[in-house]
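My entries follow the coordinates.

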Amino acid sequence: MQRHITVGIDVGSYATRVVVCERTKGEQTPRVIGTGQAPTRGVRFGYVTNIEEASRSIKRAISSAEQSSKIRIRKVILAIGGISLSSEICSGTAVITKANSEVTSLDIQKALAEAEENLPVANKRILEVIPLGFKLDGVEIQGRPEGMRGIKLEVKVLFITCLPQHLEDLLTAVAEAGIDVVDIIPSPLASATIALSERQKIAGCALINIGLETTTLIIYENDKCLATKVFKMGGTNITNDLAIGLRVSLDDAEGIKIGSIVNHTFRTNKIDEIVDARVAEMFAVVGKYLRTQNRAELLPAGIILTGGGAELASMEKIAKTVLHLPARVGATENTTLRDLSWYTALGVCMIDRALLHHEPKTGIKKVVEDIGAFFKSLGKQLMP
């Protein structure tokens with residue numbers, strides 16, 4: 001029986017996680033056949049600060065996944081996040097070129113190319129190009145415009161980007177671990193694949209992934225990603241507040257936060273006050289961004305929480321209170337990995353690129369092509 005193996009890797013600030021999935025002929029959904037993780041070193045706020053240390057962390061996680069799955073891993077799909085990850089919406093137009101006014105793929109390419117030229121953010125690498133909607137002669141089109149007739153085609157596009165040096169350093173760390181990257185998926189898209197249902201994406205919702213040092217937001221409506229944003233805040237902020245407020249070590253503060261240390265010296269309501277104050281502040285920052293996107297209190301499917309930091313008991317309640325929206329912790333049908341911190345690594349294995357509605361040549365295929373060019377250039381620089 002033919003086996004198709006997919007390996008996803010998420011290099012987080014706290015841990016590097018690897019998921020190995022297998023899909024055999026006739027199966028719709030890949031099955032998890034192995035996992036591996038290792039503490040991450042050399043990464044801060046989601047980007048690589050020390051390539052050698054990050055590479056060693058990747059090696060250890062890969063080795064663990066190989067032992068678990070009994071599969072030799074040489075190729076992976078890589079999740080990328082970090083504070084430089086962001087999104088921008090731009091528009092582009094194209095005049096229909098065919099004599100009979102029929103819209104062709106070339107016209108769509110031209111409109112997308114103009115939208116990319118209008119991207120105002122400098123020093124950014126485009127990771128994903130997701131068309132949000134088309135108009136033909138000023139009339140909004142439901143579905144794809146190819147084959148329709150008109151004079152002027154307009155497109156609104158979401159670009160997901162990151163700093164090129166952040167991407168290149170992460171790719172270098174993976175390459176030094178002896179692993180080839182075959183695809184790159186922005187972390188919020190990967191997490192959304194696991195945590196959000198189609199119904200939620202259509203109605204309108206926001207997924208908030210609370211990590212160690214960063215909190216990532218992605219907004220959906222009409223089954224399309226409308227925006228993504230990474231904030232420089234996470235579980236570490238809560239731990240630091242507890243260490244200061246309770247005058248304990250960072251290790252003890254972390255234990256108190258996650259409930260592994262019960263210290264009767266401190267009143268429970270004192271601990272709750274410190275934790276809840278910081279969590280409320282974090283959601284207030286998210287709420288401010290939702291207002292800039294005109295989605296504050298306007299997401300019928302509410303807030304879905306993922307990431308290791310989302311497992312604190314007060315998260316749902318505070319999210320509802322601060323954001324004035326329904327909120328719940330994410331859930332997955334996968335029986336092997338229910339831990340919220342694994343959603344990103346699992347998501348890169350499960351994601352269906354055809355459902356992203358992106359233009360592949362301008363988007364991720366170009367990124368993958370650039371990976372090869374980058375390492376070829378790097379090799380030349382290192383040659384004597």
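I worked on a predicted model, where local features need pLDDT of at least 70, side-chain atom pairs count only at pLDDT 80 or more, and totals for chains, interfaces and linings use all residues. Residues are numbered from 1 along each chain as its sequence is written, and side-chain values use heavy atoms, with hydrogens and water left out.

Helix α9. I took helices (H or I, at least four residues) and strands (E, at least two) as DSSP runs, numbered from the N terminus. In α9 (residues 315-323) I found Met-315, Ile-318, Ala-319 and Leu-323 buried (under 20% relative accessible area; exposed is over 50%, partly exposed in between; 1.4 Å probe, protein chains only). Seen down the axis, these fall within an arc of 105°, so they line one face of the helix (the arc is that of the directions from the axis to the C-beta atoms). The face turned away carries exposed Lys-317 and Thr-321.

Contacts. Phe-283 touches Met-315, Ile-318, Ala-319 and Leu-323, among others (heavy atoms within 4.5 Å).

Rings. I found one aromatic pair. The rings of Phe-231 and Tyr-289 have centres 6.0 Å apart and planes at 80°, so the pair is edge-to-face (centres within 6.5 Å, Trp by its six-membered ring; planes under 30 degrees apart are stacked, over 60 edge-to-face, the rest tilted). Phe-231 lies in β14 and Tyr-289 in α8, so the pair ties together parts 58 residues apart in sequence. Both residues are buried.

Conventions. Lists of a residue's contacts leave out its neighbours within four places in sequence.
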